[in-house]
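Please keep the sequence and the structure in view while reading.

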Amino acid sequence: MAATGAAAREDVEDVLEGVAEDQTPDSGQVVAAAAAAGRGQVLTGLTHECGVFGCIATGPWPTQIDVAQVVCLGLVALQHRGQESAGIVTSQGNSTKHFNVHKGMGMISNVFNDDAMKKLKGNLGIGHTRYSTSAASEEVNCQPFVVHTAHGALAVAHNGELVNCEKLRRKVLSRGVGLSTHSDSELITQALCLSPPEGEGDTPDWPARIKHLMSLTPLSYSLVIMEKDRIFGVRDPYGNRPLCLGKIVPVVKSKDDDNEQEPEGWVISSESCGFLSIGARYVREVLPGEIVELTRKGVKTITIVERPDNKPQAFCIFEYVYFARSDSIFEGQMVYSVRMQCGRMLARESIIDADIVSSVPESGTAAAHGFARESGIQFAEVLCKNRYVGRTFIQPNTRLRQLGVAKKFGAISENVTGKKIILIDDSIVRGNTIGPIIKLLRDAGAKEVHIRVASPPLKYPCYMGINIPTREELIGNKLDPVKLAKYVGANSLAYLSIDGLVSAVRHGIKIKDESQIGHCAACLTGEYPESIDW
C-alpha cells in the first residue's frame, strides 16, 4: 500500500501557515519549517534533478576513442536536466589510485574548455550535470564525487534523491565516516565504502557493496559508479529515475546493420537523446533494480534486486510530462509520441471552439500537435522562444523565474491578431509563467486565449528528485481551473485528467506483463511508492 507522506508534509505546512496566500515561501522559510517539523538536517526545501552519463571503450587500450569528448557531448545532450554545475572523471584503466577530474559551476560549454579536456585522457569515464537550489549551489557539491578508499579510487554520479536520507546519514556517521557536504550523493558514495554484512576478501566486492546500499535505501536513484577499469550502472528497484544503455558503432559503415557490428564502446545515460550525436545506438533500458557492469569486453547484468513486498514499479510520470527531451526513449516508446497522445486525450476531454491551436514551446508543442490532429483545428505558432534563456521551472529562485518569463518569449502577431487561441502548456507548477504569456498574446491582439494543460494539476511535493518542495508553492492547491483562468487572464482553463495521462503514457507500451509497468504519480495523487523518512 502506497504511503501518502501526509504527516511529514502537514508538519511543514503547519509552520508555513503564516505565509501569505499569494506568496511563495522563500527557501529560508522552507528550511525553518523543515527544522521545526523535525525533518533532520535539511539545508533547503528545494530538491534537484540531474543527468548522468558514462562511457567505456572496448578493444585494446589506449583507445582511439576520445572518451572525455564522448562524455562531454553526452552531458550536452542532458543539459536540460541541470544547468548549474557539471563534472567529468576519467580513468586510464591501469591505476587504482589516480583519476582525472574536472568539475565546475555553470553550463557544460563554460566548464569544459580545450585545456580542461586535454587533462581528461582516459579509456573510461563518467559525467554529471546538475541543478539544485541557491543554498546548495556550490562547487563542493559538484559531481561526480570521488573518494579514495583502501582499495583505490571510486567515482559516483547520482540522479535522484534518497527518501530515507537522514536514516542512512546516521548509519554512515555511526561507522566513523565523515561527510563534507549535505548532499545525498556524497552519502551514497561513502555508503559504498562500507563493507557488506557478509564480508569480503582482500579485494573489494563492489557488486556486493552496491547490493548492500540498495538494501539500505529503496529509492530514488540512478547511479553510474566507476572504479579503475569498469563502470557500474545502477537503477533503484522501483525504476523511479531513468537509465539506459547504448553502444558506440564504427563511423565507417560496413555491410552489416548496427545490430551486427562490433561496438567500439559502450555508453550509459539518463536519457537516450544524445546517442545518435555521439555515434551510439540505443540498446535498452537498465531494468528497475538492475546492476549492470560495463567493461572493455562488454556489458553484463550482475543481478536484479527485487522491490520489497512485490510493490509495483514506479517510474516517474513527470519524466514524460516535462523533464525528458522529446527524442528520448522510455519503456520502448518515444517521449514525443507520449506527449502527442496526451494532446489527443486532452482534446477528447476539453475541446472548445477556436481558430487555432498553439503551444508554449517547446515541451508543449508535441501535445499541441496531438490536440490539433484530434480536434481538427489547425496548428499555428504564436510564440517565438529565445533559446538562450534557461528553463524557468528549474531556476532556484521565484524572482529569477518571473524575470526569465519576461525575456523568454515574443509573440508572432500575424498569427495572433483577432484569433481565438487554444494554447497548450505541458504543466502549470507555480503559475508564474502562464499569466505573462497570456498578457503577451492579448497585447499582440488575441481575441480569446484558452489554456489547456497536457497534465493534471500538481498538488503534492516530490521527495524523489524534482523541484516541487511544498504544497504552498503549487497553484493547483490554491485555485480550481475556473479561478485559475481568471487569475492568469485566460478565457478558460482545463487540465488533462489523471486517467487521461495514464492512458496516454501506456498507449504505446508494448510490454504485456502488467507487473512490469507502473508509474509514480505522487505529485498528482499524494500516493508515494515508499514512506518518507526525513
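## A parallel sheet and the site beside its strands

In this predicted model, four strands form an open sheet with parallel pairing, arranged in the order β17-β20-β21-β22. The edges of that sheet are β17 and β22 (492-495), each of which pairs on one side only, and from one strand to the next the twist averages 20°. The protein chain as a whole holds 17 helices and 23 strands, and 60% of its 534 residues count as buried.

**Sheet and packing helices**

- Helix α10 (residues 335-350) packs on the sheet, where it touches β20, β21 and β22, and its direction makes about 125° with that of β22.
- Strand β21 (residues 448-453) is joined to β22 in the parallel sense over four bridges, and within this part of the sheet R452 stands opposite A494 in β22.
- A further helix, α14 (residues 434-443), lies across β20 and β21 and runs at about 150° to β21.
- Strands in a sheet are held to one another by backbone hydrogen bonds, in either a parallel or an antiparallel arrangement.

**The annotated residues**

- According to the UniProt record, an unreviewed entry, the annotation "binding site" covers S363, D425 and D426; these residues are spread over 64 residues of sequence, yet they cluster in space, with a largest C-alpha distance of 7.7 Å.
- Two of them, S363 and D426, are included in the lining of the second largest cavity.
- S363 is placed in the loop between β17 (356-359) and α11 (365-375), and its contacts, not counting residues up to four places away in sequence, are with Y322, R339 and D426.
- Why does S363 count as buried? The relative accessible area of S363 is 19%, and the limit for that class is under 20%, so S363 is classed as buried.
- D425 belongs to strand β20 (residues 420-425) and is buried as well, because its relative accessible area is 8%, where the class requires under 20%.

**Another residue of β20**

- K420 also lies in strand β20, and because its relative accessibility is 16%, against a limit of under 20%, K420 counts as buried.
- The contacts of K420, again without residues up to four places away in sequence, are D353, A354, D355, I356, K447 and E448.

- How many cavities of 30 Å³ or more are counted in the model? The count comes to three, and the largest cavity holds about 80 Å³ of space.
- Lining the largest cavity are 13 residues, and those closest to its centre are C316, C462, C520, A522 and C523.
- Empty space of this kind is found by rolling a probe the size of a water molecule over the atoms.
- Among contacts in the protein chain with a separation of 6 or more, 70% are accounted for by residues 24 or more positions apart.

Note on methods. Residues numbered from 1 in each chain as written. Predicted model: local features only at pLDDT ≥ 70, side-chain atom pairs only at ≥ 80, totals over all residues. Heavy atoms only, no water. UniProt positions renumbered as here; feature names shortened; annotations may be inferred. 1 Å grid on protein atoms, 1.4 Å probe; cavity = no way out; pocket = protein on both sides within 12 Å on 5 of 7 lines; lining within 4 Å. Helix = DSSP H or I, 4+ residues; strand = E, 2+ residues; numbered from the N terminus. Buried < 20%, exposed > 50% of the residue type's maximum accessible area, 1.4 Å probe, protein only. Contact = heavy atoms within 4.5 Å. Pairing = 2+ DSSP bridges. Axes fitted to C-alpha atoms, helices over the stretch in contact; angles between N-to-C directions. Points joined across faces, edges and corners; volume = space filled by probe spheres on them.
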